[in-house]
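Please walk me through this structure, one feature at a time.

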Amino acid sequence: MAVSRSTVRNTLARLLLLSGLALSLTAGALDTSLPAAIDLRAESEQAGRQNGPLIILFSRRDCKYCETVRRDYLQPLTASAGYRNRVVVRQINQDSDAVLIDFRGETTTHARFASSEKIKLVPVVAFYGRNGKQLTDPIIGTRLPDFYQGYLDDAIEKSASALRGR
């Protein structure tokens, strides 16, 4: 059975189109990024209006543990109906020279801000109120995966209590 060149070309074109579509869907599904911090003063004010903390993941591009925290805990948190309107979650990359407005309204970079916060090892999840006040102890490292969600929920509740003045 002979197959015409146009049939082969059309079939190859369809396969390429489907491959490209599958690749783009896979890439979208693997996107575990969080919004980068841009203006900590404004972002903490936004969180304060929601009566919740500004949660910052201090990360590095090459940190597989940071990816786990981002993918397994913080991204689901931002999608959760229980937290979506209570917290603001941002990321600061310890190895980035991206411009950042700090809590005082001054221009710095992600790397300099992380250094000023004494971040040496990542991941660190920190909880801030207005004016950059830390509301509870940060979660350092990945700890025990079976309990990490509990640590996160507890820190959010402590932060909310601190914001209410309790």
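**The disulfide and its surroundings**

The torsion about the S-S bond of C63 and C66 is about 80°, so this disulfide is right-handed. The model is predicted: local features need pLDDT of at least 70, side-chain atom pairs count only at pLDDT 80 or more, and totals for chains, interfaces and linings use all residues. Residues are numbered from 1 along each chain as its sequence is written, and side-chain values use heavy atoms, with hydrogens and water left out.

Back to the two cysteines. The sulfur atoms of C63 and C66 are 2.3 Å apart. A disulfide here is a pair of cysteine sulfur atoms within 2.5 Å. A search of the whole structure turns up one disulfide. C63 is buried, at a relative accessible area of 10%. C66 is buried too, at 0%. Buried means under 20% relative accessible area, exposed means over 50%, and partly exposed lies in between (1.4 Å probe, protein chains only).

C66 is one of the buried residues of helix α3. Helices (H or I, at least four residues) and strands (E, at least two) are DSSP runs, numbered from the N terminus. Helix α3 covers residues 64-79, which makes 16 residues. From its first C-alpha to its last, α3 reaches 22 Å, close to the 22 Å expected at 1.5 Å a residue. That expected span is 1.5 Å times one less than the number of residues. Where does α3 bend? The bend is at R70, and it is about 40°. The angle is taken between axes fitted to the seven residues ending at a residue and the seven starting there.

What covers the buried residues of α3? The cover includes strands β1 (54-59), β2 (88-93) and β5 (124-128), together with helix α5 (145-163).

Strand β5 deserves a stop of its own. A126 is found in β5. A126 is buried, at 1% relative accessibility. Leaving out residues up to four places away in sequence, A126 touches L54, I55, I56, F58, Q134 and P138. Contact means heavy atoms within 4.5 Å. A126 and A155 are 29 residues apart along the chain, and their C-alpha atoms are separated by 9.0 Å.

Next come the rings. A search of the whole structure finds four aromatic pairs. One of them joins F58 and F113: the ring centres are 6.3 Å apart and the planes are at 15°, so the pair is stacked. Rings of Phe, Tyr and Trp (its six-membered ring) pair if their centres lie within 6.5 Å; planes under 30 degrees apart count as stacked, over 60 as edge-to-face and the rest as tilted. F58 lies in strand β1 and F113 in helix α4 (residues 110-116), so the pair ties together parts that are 55 residues apart in sequence. F58 is buried at 0% relative accessible area. F113 is buried at 6%.

F103 and Y128 form a tilted pair, 5.1 Å centre to centre with 35° between the planes. F103 lies in the loop between β3 and β4 and Y128 in strand β5, so this pair ties together parts that are 25 residues apart in sequence. Ring pairs link F58, F103, F113 and Y128 into a cluster.

D102 sits in the loop between β3 (99-101) and β4 (107-109). D102 is buried, at 8% relative accessibility. A polar atom of its side chain lies 2.9 Å from the backbone nitrogen of R104. Apart from neighbours within four places in sequence, D102 is in contact with L40, R41, T108 and F113.

Last, some backbone details. The peptide bond from V122 to P123 is cis, with omega near 5°. P123 is found in the loop between α4 and β5. N51 is not a glycine, yet it has a positive phi of about 60°. N51 is in the loop between α2 (40-49) and β1. Is N51 buried or exposed? N51 is exposed, with a relative accessible area of 57%. N131 also is not a glycine and has a positive phi, of about 65°. N131 lies in the loop between β5 and β6 (139-140). N131 is exposed, at 67%.

Technical notes:
Polar contact = N/O pair within 3.5 Å; in protein donor to acceptor, adjacent residues only side chain to side chain.
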